[in-house]
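Here is a friendly walk through one protein model, meant to be read with the viewer open. Please have the sequence and the 3D view side by side as you go.

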Amino acid sequence: MTTDTDATLAAIRAIYDSQHIRTKQLGFGRKAAVLVVDFQHLYTRGRASTGLDAVEATATLLKAARAAGMRAIYTVVAYAPGDEERVLWTMKLPGLLDNRTGSEAVQVDPLIAPQPGDSVIEKKAASAFLHTGLAEALKAEGVDTLLVCGTSTSGCVRASVVEGMGQDFRMIVVKECVSDRSALLHEVALFDMGSKYADLVTLDEALAAIAAHRQAA
């Protein structure tokens, strides 16, 4: 992140402070799960890759979460033939259609392969919650807290976090576990989510919280 970006975000923070917009950490609720947003081949190793650093950090998070009895929910963007005529987002971003259902492009990266008990949800919009039934399924399981990983920070991750908060989930974004093509948009999106919609934590903080949550279970 550049010095100019630091200064800009500091100025925004000062405005928020002057208007008594205070950010409160919500922490864990009763039951937590991990939400992995779109760490699929096209975005981890394909032409639209955002790299593997965040995927590797997510592997560390998932190992600890599973040891604590938490499961993972994965989303992948996937389109069937004909969706280009029905899904407006693909008209705005035609490259999305490279994510064909059943193709390599939509496969979850092998570094974080789903395990028994996990779910993989195909979605056609940015948010993990829109038209997927995810909120209802999680609430039926008693899940009220989501540790969020994935790509892109400014796109599908942010959209999922905003809607997740709107659905009354405690959204916790693990900073090392999200990625974006743009360092600037990544930092701005983190700032925005942390100010309004989510807890922002480091990987070490998330691991400590998972350990404490396990002890309290």
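Predicted model: local features only at pLDDT ≥ 70, side-chain atom pairs only at ≥ 80, totals over all residues.

For a detailed look at one pairing, pick strand S1 (residues 32–37) and strand S2 (residues 72–77): the two run parallel and are joined by four bridges. In this pairing, valine 36 has tyrosine 74 in S2 as its bridge partner.

## Salt bridges across the chain

Side chains of opposite charge can pair when their charged atoms come close. How many salt bridges does the structure hold? There are 11 salt bridges, and a few of them are worth a visit in the viewer.

Begin with lysine 123 and aspartate 38, whose side chains form a salt bridge at 2.9 Å, N to O. This pair links distant parts of the chain, with lysine 123 in strand S3 and aspartate 38 in the loop between S1 and helix H2 (41–44), 85 residues apart. Are these two residues buried or exposed? Both lysine 123 and aspartate 38 are buried.

Because aspartate 98 lies in the loop between helix H4 (88–92) and S3, and arginine 47 in the loop between H2 and H3, the pair ties together parts that are 51 residues apart in sequence. Aspartate 98 counts as partly exposed because its relative accessibility is 40%, while arginine 47, at 57%, counts as exposed.

Another pair to find is glutamate 141 with arginine 71, where the closest N and O atoms of the salt bridge are 2.6 Å apart. Here too distant parts of the chain are linked: glutamate 141 belongs to helix H5 (residues 134–141) and arginine 71 to the loop between H3 and S2, 70 residues apart. Glutamate 141 is partly exposed, with a relative accessible area of 32%, and arginine 71 is partly exposed as well, at 22%.

## A buried serine

Now find serine 160 in helix H6 (residues 153–166). With a relative accessible area of 0%, serine 160 falls under the 20% limit, so this residue is buried. Which residues does serine 160 touch, leaving aside those up to four places away in sequence? The contacts are Val37, Ala126, Ser127, Ala128, Phe129 and Met171.

## Backbone details

What kind of peptide bond joins threonine 151 and serine 152? The bond is cis, with omega at about -5°. Serine 152 belongs to the loop between S4 and H6.

Two other loop residues have a positive phi without being glycine. Histidine 131 has a phi near 60° and is found in the loop between S3 and H5. Its relative accessible area is 77%, so histidine 131 is exposed. Aspartate 168, with a phi of about 70°, lies in the loop between H6 and S5. At 65% relative accessibility, aspartate 168 counts as exposed.

To finish, look at Leu184, Leu185 and Val188, which make a nonpolar surface patch of about 240 Å². Leucine 184 is placed in helix H7 (residues 183–196). With 45% relative accessibility, leucine 184 counts as partly exposed.

Note on methods: Residues numbered from 1 in each chain as written. Heavy atoms only, no water. Patch = residues over 30% accessible without salt bridge, like charges linked within 9 Å, V, L, I, M, F, W, Y side chains within 5 Å. Areas by Shrake-Rupley, 256 points an atom, 1.4 Å probe, with all protein chains shown as cover. Salt bridge = Lys/Arg side-chain N within 4 Å of Asp/Glu carboxyl O. Buried < 20%, exposed > 50% of the residue type's maximum accessible area, 1.4 Å probe, protein only. Pairing = 2+ DSSP bridges. Contact = heavy atoms within 4.5 Å.
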